[in-house]
Amino acid sequence: MVETLVTHMAKRHSFWRQTVCRAGKPMICPYVKFLMAMKMICCGVSGNVFVDYFQMGKTTTRRCFSFITKGIVSCHPLANKYLRRPSKSDARNVDSMHERVHKIPGMMRSLDDTKVHWKRCPTAWKGQFQGHEKYAGIGLEEVVDNNLWFWHAAFGFPGTLNDINIWE
């Protein structure tokens, strides 16, 4: 999957190709750029954390993140498999798998709702997104099956009851 994505992005943009600088030294390897961007996505940390480790500037880390998110969406082999809406047969398969594993019929595996602190929430919206905590936050809900396949993920809106939503 990594090879597919890096190859796809290298065809679309020179940023993802292995190049040589004017001094004749190789520039940052595309796989290192990919790894750094994936660490930002998976660990949820700023690119500044990895500047020393990966020897990249802040601009390069931001570009890696931006290009990889666009690349994942535009790479049709991956997008058609991982970024598609679940079909009714997918829902039936997940339901039957959960019934086999946990002996509970009609349950989707795991619905989780997480409140994420929204540090840069616009001042005009803070009252709408502030709950009993003293900071603005936004709810992230996700449905995941036993294979850690995300079937649904959405950020909630103010006033919604994210833990009561029903997946159709």
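Visitor: What should I know before reading the numbers?
Guide: This is a predicted model, in which local features need pLDDT of at least 70 and side-chain atom pairs count only at pLDDT 80 or more, while totals for chains, interfaces and linings use all residues. Residues are numbered from 1 along each chain as its sequence is written, and side-chain values use heavy atoms, with hydrogens and water left out.

Visitor: How many helices and strands are there in the chain?
Guide: The protein chain has 7 helices and 3 strands, taken as DSSP runs numbered from the N terminus (helices H or I, at least four residues; strands E, at least two). Along the sequence, the pattern reads α-α-α-α-α-α-β-α-β-β.

Visitor: And how much of it is buried?
Guide: Of the 168 residues, 27% are buried, meaning under 20% relative accessible area, with exposed over 50% and partly exposed in between (1.4 Å probe, protein chains only).

Visitor: Turning to the largest pocket, what is its volume?
Guide: The volume is about 790 Å³. A pocket here is an open set of points on a 1 Å grid over the protein atoms alone, where a 1.4 Å probe fits, with protein on both sides within 12 Å along at least five of seven lines; lining residues have an atom within 4 Å of a point. The volume itself is the space filled by probe spheres set on the points, which are joined across faces, edges and corners.

Visitor: Which residues are closest to its centre?
Guide: Of the 22 lining residues, these are Ile41, Ile72, Tyr82, Leu83 and Phe150.

Visitor: Which helix gives the most to that lining?
Guide: Helix α2 does, with 4 residues. Elements that each supply at least two include α4 (58–74) and β3 (150–155).

Visitor: Is Asp90 buried or exposed?
Guide: Asp90, in helix α6 (residues 88–102), is buried because its relative accessible area is 12%. The Asp90 side chain reaches the backbone nitrogen of Ser87 at 3.1 Å. Leaving aside residues up to four places away in sequence, Asp90 touches Arg84 and Trp151, where contact means heavy atoms within 4.5 Å.

Visitor: Where is His117 found?
Guide: His117 belongs to strand β1 (residues 110–117) and is partly exposed, at 46% relative accessibility.

Visitor: What does His117 touch?
Guide: Beyond residues up to four places away in sequence, His117 touches Tyr135, Ala136 and Gly137.

Definitions and conventions. Polar contact = N/O pair within 3.5 Å; in protein donor to acceptor, adjacent residues only side chain to side chain.
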